[in-house]
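Work through the exercises below with the structure in view. Each task is followed by its solution.

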Amino acid sequence: MTKLIIDQVKYQRIILHIIGHVEDVDTLEGARFYLREQKQKRELDIEAVETEGNRFRLRVNVMELDGEYPIRTGKWYLRADIGDEKRLKDYVSDSVYDQVHMAVMDEIKINFVMDNNGGESWQGISALNTEDWTYYLDVTFIFPEQLTGFRKFIQQLKKNLYRQYRRLATWGFHAVFNIFNNKPKKGNQVFFTSDRTNELAGNEKFVYERMLERGLGDKYVFKFSFKDGIKARRSFREKFRFTHDLATSDVIFTDDYQPELYKNEYDPDVKLVQLWHACGAFKTIGFERLGKKGAPMLLTKTHKNYTHVIVSSEHSARHNAEAFALSESKFYPVGIPRTDVFFDREYLERTAEKVRAHYPQISEAKKVILYAPTFRGNNARSASFPLQIINFHILGDFLRDKGYCMMIKLHPFVKSEIRIPQEYQACFIDATAYPDINELLTVTDVLVTDYSSVIYEAALLNIPMLFFAFDLDNYDDDRGFYEPYEEIVPGKIVKTLRALVEAIGNEDYEAEKLQGFLTKNFRDLDGHSTDRVIDLIFGNDDGNSLA
């Protein structure tokens, strides 16, 4: 019998990594790997497959296998089909039993349990059947209805009350949506919407304006709906217009989490495109945070109905596929539209002049340092930043002696006021209110940050970076990173203010890390990401495609 050998099993967050090989086979090209449930004979394909000769490496997202939901209760066996003739049973011989037994049962045991407010819990445990030496996942998925006693009564009561409230709040939305959704689509309706800004901005603005430049404004009808934050409320008229446009559009663009988008069933031909608002794979988000505060519900519909998610690289695709618990096939590494400006020299020069005019003292500085830390906390409501970490006397004396200037831009979530001592007013600029941090980068000589995604834009401009991670251990425990922090950041890490001052003074940035960072996080560095997005979604019949 041809044998499929599991050499290593590693479980990382919600991704199961399986490495192995197949005996008596020269190549696994075109092989199908899948999980098969023992009793009901359900089969779930594994899409993330890498092969080399007779060796294979699999990535299994256990939260998106069952119709973009967690893999359901049962004993799931790994299987493979090679060609049309051989179906390989997962099999471990006596000679490798010790190695696999250690990896599966002791070292890499899968034992993940999560219980959310809705009462849903998922548990997956690795196991080895000692009767035939087969490896399987023993999965138990518990629904709220399966709970018993007083806990079940309380949870059911809370859920019923919430359901009644939501039913009243959303009945009109669904009614209007279904009325308009049942009418034939026109085939040319494009809807730009966002709950993070009150105007067309970011990636959506780049796509819209480039479509006009390419003459697509004559072919497509554009509609818009924006809201300044999740908590902001639309008027009755705005709600009706939003629902109508959502139901009648052929292409829908968004750039962040937007609850109304996940409540509906769209026609198969409708394209729901998530442009997102940040680059790269840095902090954990979504399902990567399972077990931590702010993690999503296991059976959430959030992010589940995207047809296209735009990312900057294959590396980012893996990260976001895990975060959204979506198939990697829905992620397209064509580039982030708003990064195109970093390849436009005229734009950079024009924007730099604009920033200098806004902050005249920049022109007098020998070097401009931008300090842009992210917020602490779980969301906008709890966001904060320990401003006491900024010792204006130590930093101010250093900046004044060097003839440098430091712009400080806090995250928009942080509402604390920066109070710069009078004697150091010439050395510091409070740039928190400046609307676009990317514009500030055009005059920046050195970026100082901590865990902010601004590092991706700074990298495109080859700006040296320092990482003032004074609370790294606490932040890692609370928020966490997709990969070890030390392996992600493209610059020197410092944990004290004096170490930061010393690194700036010595120009000790560890800038040699920058090129590897760019290669890993950006597939294309050419300034044509917006065109690739348009070609992907609308085709290239305007004659201006990159193809």
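**Exercise 1.** Which residue of β14 is the bridge partner of Thr 193?

The model is predicted: local features need pLDDT of at least 70 and side-chain atom pairs pLDDT 80 or more, while totals for chains, interfaces and linings use all residues. Residues are numbered from 1 along each chain as its sequence is written, and side-chain values use heavy atoms, without hydrogens and water.

Step 1. Find strand β12, residues 189-194; strands are DSSP runs of E with at least two residues, numbered from the N terminus.
Step 2. Go to β14 (residues 221-228), which runs parallel to β12 and is joined to it by 6 bridges; strands pair if DSSP finds at least two bridges between them.
Step 3. The partner of Thr 193 in β14 is Ser 225.

**Exercise 2.** Which residue in β15 stands opposite Phe 191?

Step 1. β15 (residues 251-254) pairs with β12 in the parallel sense, over 3 bridges.
Step 2. Ile 252 is the residue of β15 opposite Phe 191.

**Exercise 3.** Are the two faces of β12 covered or uncovered?

Step 1. Count the buried residues (under 20% relative accessible area, 1.4 Å probe, protein chains only): 6 of the 6 residues in β12 qualify.
Step 2. Sort them by side: Gln 189, Phe 191 and Thr 193 are buried on one, and Val 190, Phe 192 and Ser 194 on the other.
Step 3. Both faces are therefore covered, given the cut-off for buried.

Key. Buried means under 20% relative accessible area, exposed over 50%, partly exposed in between (1.4 Å probe, protein chains only). Helices (H or I, at least four residues) and strands (E, at least two) are DSSP runs, numbered from the N terminus.
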